[in-house]
Amino acid sequence: MDELFALRNLFYTGAYQQVINEANSRSPLSESANQERKVYLYRAYIAQKKYNIVISDVKDSDIIDLRAVKLLALYLQAKDKNDATKKEEIVKEVKDIVGENSANQTVQIVSATIMVHEGLLEDALRILVRNNKNLENVALIIQIYIQLDRLDLAKRELASAKTWAEDATLAQLMEAWVGLKTGGDKYQEAYYIYEEIAQSPSSNTVKILNGQAIANIHLGRYPEAESLLLDALNKNNDDPDTLVNLIVVSGFLGKPEDVINRYISQLKEVAPTHMFLQDLDLKTSLFDRAAQRFEIA
């Protein structure tokens with residue numbers, strides 16, 4: 001049996017602290033499993049924004065997988081600090097590493113993730129399609145196609161993956177993502193997928209609760225969505241996705257403006273460069289400019 005099957009599923013469902021706990025307590029039998037365990041351990045720390053743990057732990061003498069993960073930590077830390085120069089340096093280094101280690105799965109997923117953050121979606125796809133029999137690669141390919149509004153290609157990738165990984169947790173999540181993009185009856189199907197995954201206490205995570213909430217929003221079930229999001233906020237009150245979804249659902253529920261503004265202020269504290277805030281600022285600016293044309297002299 002795959003030694004790290006459970007650890008991967010915890011990571012995919014967003015149970016990052018459990019990944020850390022499991023990885024720190026387990027002693028896998030094989031050396032390769034031990035190295036992969038470290039990859040997921042450090043990626044879980046990165047998901048929690050604990051970049052310095054990864055940066056200080058991983059040495060230049062470590063295997064390329066761990067050094068690639070360290071680059072992801074350095075990149076995301078630079079992004080949070082709006083350090084454009086540092087980001088540019090890391091992207092250049094990542095491109096060099098990909099050229100030298102193009103068959104390495106960790107290098108593929110890490111480098112493609114950085115490219116997605118940079119908006120270099122075609123570059124990310126070129127890296128990922130080198131191994132479209134790796135489920136995590138396929139998951140990111142589908143996310144990119146959804147961003148590009150290429151639902152046809154996302155569906156094609158999903159159908160192909162289901163022929164060899166239908167029962168995998170990540171494959172189920174991929175089906176939910178495509179369902180939410182497809183709409184119609186697929187909203188309810190996506191909700192059922194998230195609900196089933198959430199039945200396991202270890203998988204009832206902020207990530208899965210947000211998935212359920214988004215499905216409920218599309219189905220017009222706003223009070224149910226808010227309840228799920230408040231549960232998610234109780235688990236992690238600094239999660240940007242939860243705050244964005246609470247802002248959206250609060251608008252649908254007609255919540256007082258001061259409630260919505262508090263969520264916006266909290267989002268600015270934890271993720272000042274979040275795309276939602278950038279879009280909000282742009283729309284506010286456009287509205288103000290349009291309003292000035294109708295001011296009474």
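Tutor: Just after H1, glycine 14 has a positive phi of about 85°. Helices here are DSSP runs of H or I with at least four residues, strands are runs of E with at least two, and both are numbered from the N terminus. This is a predicted model, where local features need pLDDT of at least 70, side-chain atom pairs count only at pLDDT 80 or more, and totals for chains, interfaces and linings use all residues. Residues are numbered from 1 along each chain as its sequence is written, and side-chain values use heavy atoms, with hydrogens and water left out.

Student: How many of the residues of H1 are buried?
Tutor: Six of the eight residues of helix H1 (residues 5-12) are buried, so H1 is largely enclosed by the rest of the structure. Buried means under 20% relative accessible area, exposed means over 50%, and partly exposed is in between (1.4 Å probe, protein chains only).

Student: Which ones are buried in H1?
Tutor: Leu7, Arg8, Asn9, Leu10, Phe11 and Tyr12.

Student: And what covers the buried residues of H1?
Tutor: The cover includes helix H2 (16-25), H3, H9, H11 and H13.

Student: Let's take H3. How do the axes of H3 and H5 cross?
Tutor: Helix H3 (residues 31-47) and helix H5 (residues 64-80) have axes that come within 10 Å and cross at roughly 5°. The axes are lines fitted to C-alpha atoms, for helices over the stretch in contact, and angles run from 0 to 180 degrees between N-to-C directions. H3 and H5 are therefore roughly parallel to each other. For the cut-offs, under 35 degrees is roughly parallel, over 145 roughly antiparallel, 65 to 115 roughly perpendicular, and the rest oblique.

Student: Which residues make the contact?
Tutor: From H3, they are Gln35, Lys38, Val39, Tyr42, Arg43 and Ile46. From H5, they are Asp65, Leu66, Val69, Leu72, Ala73 and Leu76. Contact means heavy atoms within 4.5 Å.

Student: What kinds of residues are those in the contact of H3 with H5?
Tutor: Eight are nonpolar, one is polar and three are charged. Ala, Val, Leu, Ile, Met, Phe, Trp, Tyr, Cys and Pro count as nonpolar, Asp, Glu, Lys and Arg as charged, and the others, Gly among them, as polar.

Student: Is arginine 43 buried or exposed?
Tutor: Arginine 43 is buried, with a relative accessible area of 11%. Setting aside residues up to four places away in sequence, arginine 43 touches Phe11, Val69, Ile109 and Glu136.

Student: New topic. Which residues have the most contacts inside the largest nonpolar core?
Tutor: Ile142, Met174 and Trp177, in a core of 79 residues. H5 gives the most to this core, with ten residues. A nonpolar core is a set of buried Ala, Val, Leu, Ile, Met, Phe, Trp, Tyr and Cys residues joined through side-chain atoms within 4.5 Å.

Student: What is tryptophan 177 in contact with?
Tutor: Beyond its neighbours within four places in sequence, tryptophan 177 contacts Ala139, Ile142, Gln143, Ile146, Leu170 and Tyr194. There is also a second, separate core of 20 residues, which includes Ala225, Leu228, Ala232 and Val249.

Student: Where is glutamate 226 found?
Tutor: In helix H14 (residues 222-235). Glutamate 226 is buried, at a relative accessible area of 15%. Neighbours within four places aside, its contacts are Leu246, Val249, Leu253 and Lys255.

Student: Last one. Where do aspartate 149 and asparagine 82 lie?
Tutor: Aspartate 149 is in the loop between helix H9 (135-147) and helix H10 (151-165). Its phi is near 60°, a positive value in a residue other than glycine. Aspartate 149 is exposed, with a relative accessible area of 54%. Asparagine 82 is in the loop between H5 and helix H6 (84-100). Asparagine 82 has a phi near 55° and counts as exposed at 57% relative accessibility.
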